[in-house]
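Visitor: I have a new model on the screen and would like a friendly walk through it. Could we go step by step?

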Amino acid sequence: QQQQQQQQQQLQQQRQAMQDRLQAITAAADKAEADAKAAYNQAMTTAGDWSSSASLAAATQELSPQTDALAKAVEALVASQRGAPPEFATHLGRLLQKLKGAQSQVATQLSKIGQYRAQVEHAEKEKFDEQKDALALEEMMSEARERCNAAEDAVAKAVITSQLVQAAGDDRAQAQKAVDETEKGARDASKVLAEARALIGAKQAVLRQLTTEKVKGLAQAEMTKLNEQL
């Protein structure tokens, strides 16, 4: 009878040890799942409206550690299933299913964030390049417009001066002076026009280095307008 009592006591101790082990396993699995859920929620908050690559990068940093943490939790749980009493199998199976579900959610969201991040980074780079090209275009076109306007003014001045020849009438001295001034104005206008055309040609070569199609189109339109003006 004493031996029987000892055996029962040992069985109770073994069962209690197994219960304690099961509680520890359950607590570890619950913690891993809770940590993953908290990291997931925090990452979604950080991602915001998913329009910033910096926010998406930060969200990735917050969520990605859960990949390894959950993998280790699953590995530990699988190891715990080996040699566990049959009555614990169902409980351990449910725990494993929950952890694998958390694993799948984290992996899916990290993949989604990665895809969106690549798209957002491309859009941000395109916008940055457009702004940079637009600034370069405005800087170059400002000088080109000034030269074209100066050429136009020089031609207009020469035309006005030429009208003085007819206005001189029979005054040959006045008429000759008007002719001389007209010729000088024409030479000056021709020089300014040549300089403007040379500048436009140089600018066209530089504008071909622009990287964005949108700004290239604007540049071509501006150049066409200035060439028509000249």
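Guide: Gladly, and one term comes before the rest: helices here are DSSP runs of H or I, at least four residues long, numbered from the N terminus. Please keep in mind that this is a predicted model.

Visitor: With that in hand, where does W50 lie?
Guide: Helix α1 takes in residues 2-47, and helix α2 takes in residues 53-63. W50 sits in the loop between α1 and α2.

Visitor: Is W50 buried or exposed?
Guide: Buried means a relative accessible area under 20%. W50 has a value of 16%, so W50 is buried.

Visitor: What is the phi of W50?
Guide: Most residues other than glycine have a negative phi. W50 is not a glycine, yet its phi is positive, at about 65°.

Visitor: Which residues does Q109 touch, leaving out those up to four places away in sequence?
Guide: Q109 belongs to helix α4. With a relative accessibility of 9%, Q109 counts as buried. Its contacts are Y40, M44, W50 and L63.

Visitor: On to T67. Which residues is T67 in contact with, apart from neighbours within four places in sequence?
Guide: T67 is part of helix α3, residues 65-81. Its relative accessible area is 39%, so T67 is partly exposed. Leaving those neighbours aside, T67 contacts V106 and L110.

Visitor: How far apart in space are T67 and A47, C-alpha to C-alpha?
Guide: In sequence, T67 and A47 are 20 residues apart. In space, their C-alpha atoms are separated by 18 Å.

Visitor: Let's look at charges. How many salt bridges does a search of the whole structure find?
Guide: The pairs to count have a side-chain nitrogen of Lys or Arg within 4 Å of a carboxyl oxygen of Asp or Glu. One of them joins E138 and R145, with the closest N and O atoms 3.4 Å apart. The search of the whole structure gives a total of ten.

Visitor: How many residues apart in sequence are the parts that the salt bridge of K98 and D30 ties together?
Guide: The side chains of K98 and D30 meet at 3.6 Å, N to O. K98 is partly exposed at 37% relative accessibility, and D30 is partly exposed at 32%. K98 lies in helix α4 and D30 in helix α1, so the pair ties together parts whose separation in sequence is 68 residues.

Visitor: What separates R117 and E121 along the helix?
Guide: The side chains of R117 and E121 form a salt bridge of 3.2 Å, N to O. R117 is partly exposed, with a relative accessible area of 29%, and E121 is partly exposed at 36%. The two are four residues apart in helix α4, so their separation is about one helical turn.

Visitor: How do α4 and α6 run, roughly parallel or roughly antiparallel?
Guide: Helix α4 (residues 86-167) packs with helix α6 (residues 213-229), and their axes are 10 Å apart. The angle between them is about 0°. Angles under 35 degrees count as roughly parallel. That is why α4 and α6 are described as roughly parallel.

Visitor: How do the residues of the contact of α4 with α6 divide?
Guide: From α4 the contributors include L137, M141 and R145, and from α6 they include L218, E222 and L226. The residues of this contact divide into ten nonpolar, two polar and six charged.

Visitor: One more, please: how far apart in space are E146 and A196, C-alpha to C-alpha?
Guide: E146 is in helix α4 and counts as exposed, at 54% relative accessibility. In sequence, E146 and A196 are 50 residues apart. Between their C-alpha atoms the distance is 8.9 Å.

Key: Residues are numbered from 1 along each chain as its sequence is written. This is a predicted model: local features need pLDDT of at least 70, side-chain atom pairs count only at pLDDT 80 or more; totals for chains, interfaces and linings use all residues. Side-chain values use heavy atoms; hydrogens and water are left out. Axes are lines fitted to C-alpha atoms, for helices over the stretch in contact, and angles run from 0 to 180 degrees between N-to-C directions. Angles under 35 degrees count as roughly parallel, over 145 as roughly antiparallel, 65 to 115 as roughly perpendicular and the rest as oblique. Contact means heavy atoms within 4.5 Å. Ala, Val, Leu, Ile, Met, Phe, Trp, Tyr, Cys and Pro count as nonpolar, Asp, Glu, Lys and Arg as charged, and the others, Gly among them, as polar. Buried means under 20% relative accessible area, exposed over 50%, partly exposed in between (1.4 Å probe, protein chains only).
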